[in-house]
Amino acid sequence: MNEFVEADDRQGGHASLATAALEARAKVLELQQRNASERVRRALYSLAAEFTTIAAWSCIDLRDLATAQAYLHESSTFAGLSQDPPTGMRVWVNMAMLAYQRKNWPEQLAAAQAASASPAARRDPFFGSMGRVRLALAHSSLGDLRAARRALGTAQEAFQKAAEDERPRWTAFYGPAELNHLAAIILNHNGEPAEAEAMAHRALAKIPAKFSATARWRLASSGWHNFARESRSRPRRPRPPSSRSWMAHHCLGVCAP
């Protein structure tokens, strides 16, 4: 799975990555046919969910949103069987992202609510922040500005309480830069462009050093004022060679939170 993450780091989502992830999932599910403890079976279902999510993410990059949705629904089943809170969180967050791209605002809200109420969000302020900021985006999409502001505030507060614990590899994208960047989108949706611009500049300043060259390139080419647009409808800009997994998530946030 880490090899697939590295492949996405280098190239972004692509058809061969989706195929390889699904083949890996098939091998994992084949192992379920053998004798194993309950703990091992749950771990295998967690891997199946992760591989399926990687395939879904590749389809999102390829703009095959219908297939991505089908894979995410399959992933949610495996995540439930795994009983692994971070895995379930990943699925709900991806569902919220995909619903935004499909302009299905009620589904975006439902997925964000599920993420916010998930065991991972209840146990760890880091995941709580991740879920609440998705909830803020969903409320913003539906025009509920007060609820969006309230959810954004709780997302920011929760992030401040999050400890520097070891978490799954996929969470690397979420940090001060991403939170501030998503806050800029929400504020812009809420009709607060000046505050949104200030937040966007704050996001730029918080980008980790190892990602700064790529991140600054992408932010500069998008412009803070384009954050709220569904810019995936325009021809996609080529991703620079140094792009990393964090930026894959970050770019999706820029174009379609």
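## Cavities

The second largest cavity has a volume of about 30 Å³, in a model that is predicted. On a 1 Å grid over the protein atoms alone, a cavity is a set of points where a 1.4 Å probe fits but cannot get out, whereas a pocket is an open set with protein on both sides within 12 Å along at least five of seven lines; lining residues have an atom within 4 Å of a point. Grid points are joined across faces, edges and corners, and a volume is the space filled by probe spheres set on the points. A search of the whole structure finds two cavities of 30 Å³ or more.

Gln69, Leu72, His73, Met95, Leu98 and Glu107 line the second largest cavity. Helices α4 (65-82) and α5 (85-101) are the elements that each give two or more residues to this lining, and α4 supplies the largest share, three residues. By class, the lining holds three nonpolar, two polar and one charged residue. Here Ala, Val, Leu, Ile, Met, Phe, Trp, Tyr, Cys and Pro count as nonpolar, Asp, Glu, Lys and Arg as charged, and the others, Gly among them, as polar.

## Largest pocket

The lining of the largest pocket consists of eight nonpolar, two polar and four charged residues.

## Basis and confidence of the model

Residues are numbered from 1 along each chain as its sequence is written, and side-chain values use heavy atoms, with hydrogens and water left out. In this predicted model, local features need pLDDT of at least 70 and side-chain atom pairs count only at pLDDT 80 or more, while totals for chains, interfaces and linings use all residues.

The term pLDDT denotes the predictor's confidence in each residue, from 0 to 100. The protein chain has an average pLDDT of 81, and 78% of its residues score at least 70. Residues 212-256 have a pLDDT below 50, and this stretch has 100 contacts in the model beyond near neighbours in sequence; a contact means heavy atoms within 4.5 Å. Where pLDDT is low, the predicted coordinates should not be read in detail.

## Overall architecture

The protein chain contains 13 helices and zero strands. Helices (H or I, at least four residues) and strands (E, at least two) are DSSP runs, numbered from the N terminus.

Of the 257 residues in the protein chain, 54% count as buried. Buried means under 20% relative accessible area, exposed over 50%, and partly exposed in between (1.4 Å probe, protein chains only). Among contacts between residues at least 6 apart in sequence, 69% join residues at least 24 apart.

## Selected residues

Glu50 is found in helix α3 (residues 38-61). Glu50 counts as buried because its relative accessibility is 8%. Not counting residues up to four places away in sequence, Glu50 touches Met1, Thr87, Arg90 and Trp170.

Ala184 belongs to helix α10 (residues 176-189) and is buried, with a relative accessible area of 2%. Ala184 and Ala198 lie 14 residues apart in sequence, and their C-alpha atoms are 7.9 Å apart in space. Leu29, in helix α2 (residues 15-31), counts as partly exposed at 26% relative accessibility. Leu29 touches Tyr45, Ala48 and Phe78, residues up to four places away in sequence not being counted.
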